[in-house]
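Thanks for making time this morning. I would like to walk you through one structure, going from the overall picture to the sheet and then to the aromatic side chains.

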Amino acid sequence: MASASILSRKPVELLLGLQQLYVQDQHGESASSDAPKVLAFEVAKYSLCCEMNQIDSVADPAAMLVLPKTKPWLRGVINRHGRNLSVVDLALFLELGGPIAEGAGQLLVLADSSLQVSFWVDSVVGLRSFADIDLVASTEDLPSGLSSYSGQTYVDGEQIWNLLDISDITSSARFHEVQ
């Protein structure tokens, strides 16, 4: 029987714990609890990430209801465990390209329950832990929609992950203009 402490944890926290155990097993070392933990995902051709504490869970967009007469990036609403969540197409909001195809992608349900929002992304890559040394000022020439919300990147070998500030997005005037 699962203990109450495990049942009370968010799914992404459980995944992070499994990742740490995997690192310990593979490398014979402890995963640093001080290392920044991010959720990595792809939108259009961009590799993005955000801090783990900003995401509650990952969901399937299949049951989305389309909303008429809204901004193109506000694609619809879903009911997730009794919560009605707005679905924001992150590719359209960040001006990175066309809309994500119906039935494709995944939803990042935001942890801030007062917002009732999810971000539609092309794919969730997984959890990442980076050392502080991996965090650098963004050197990539980013589209204006993305650069407004990402000023730093993590470099993981040859892979560059643009760090999104979810709170900057959700507090922006543009985000609140839904019609």
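**Overall picture, sheet and aromatic pairs**

Of the 179 residues of the chain, 38% count as buried, and please keep in mind throughout that what you are looking at is a predicted model. The chain is made up of five helices and 12 strands, and it exposes about 9,700 Å², of which carbon and sulfur atoms supply 52%. If we take the contacts between residues at least 6 apart in sequence, 57% of them join residues that are at least 24 apart.

Six strands form an open sheet with mixed pairing, and their order across it is 9-1-2-12-11-10. Strand 9, residues 123-129, and strand 10, residues 135-137, stand at the edges with a single partner strand each, so that one side of each has no neighbour in the sheet. From one strand to the next, the twist averages 35 degrees.

Now to the aromatic side chains, where a search of the whole structure finds six pairs. One of them is Trp73 with Phe175, a stacked pair with 6.1 Å from centre to centre and 20 degrees between the planes. Trp73 lies in the loop between strand 4 and strand 5, while Phe175 lies in the segment after helix 5, so this pair ties together parts of the chain that are 102 residues apart in sequence. Both Trp73 and Phe175 are buried.

Another stacked pair is Phe130 with Tyr154, at 4.3 Å centre to centre and with 10 degrees between the planes. Here Phe130 comes from the loop between strand 9 and strand 10, and Tyr154 from strand 11, residues 152-156, so the parts tied together are 24 residues apart in sequence. Phe130 is buried, with a relative accessible area of 3%, and Tyr154 is buried as well, with a relative accessible area of 4%.

Which residues make up the aromatic cluster that contains Trp73 and Phe175? The members are Trp73, Phe93, Phe119, Tyr149 and Phe175, which together form one cluster.

Methods
Residues are numbered from 1 along each chain as its sequence is written. This is a predicted model: local features need pLDDT of at least 70, side-chain atom pairs count only at pLDDT 80 or more; totals for chains, interfaces and linings use all residues. Side-chain values use heavy atoms; hydrogens and water are left out. Two strands pair if DSSP finds at least two bridges between them. Helices (H or I, at least four residues) and strands (E, at least two) are DSSP runs, numbered from the N terminus. Axes are lines fitted to C-alpha atoms, for helices over the stretch in contact, and angles run from 0 to 180 degrees between N-to-C directions. Rings of Phe, Tyr and Trp (its six-membered ring) pair if their centres lie within 6.5 Å; planes under 30 degrees apart count as stacked, over 60 as edge-to-face and the rest as tilted. Buried means under 20% relative accessible area, exposed over 50%, partly exposed in between (1.4 Å probe, protein chains only). Contact means heavy atoms within 4.5 Å. Accessible areas come from the Shrake-Rupley method with a 1.4 Å probe; for residues, only the protein chains shown count as cover.
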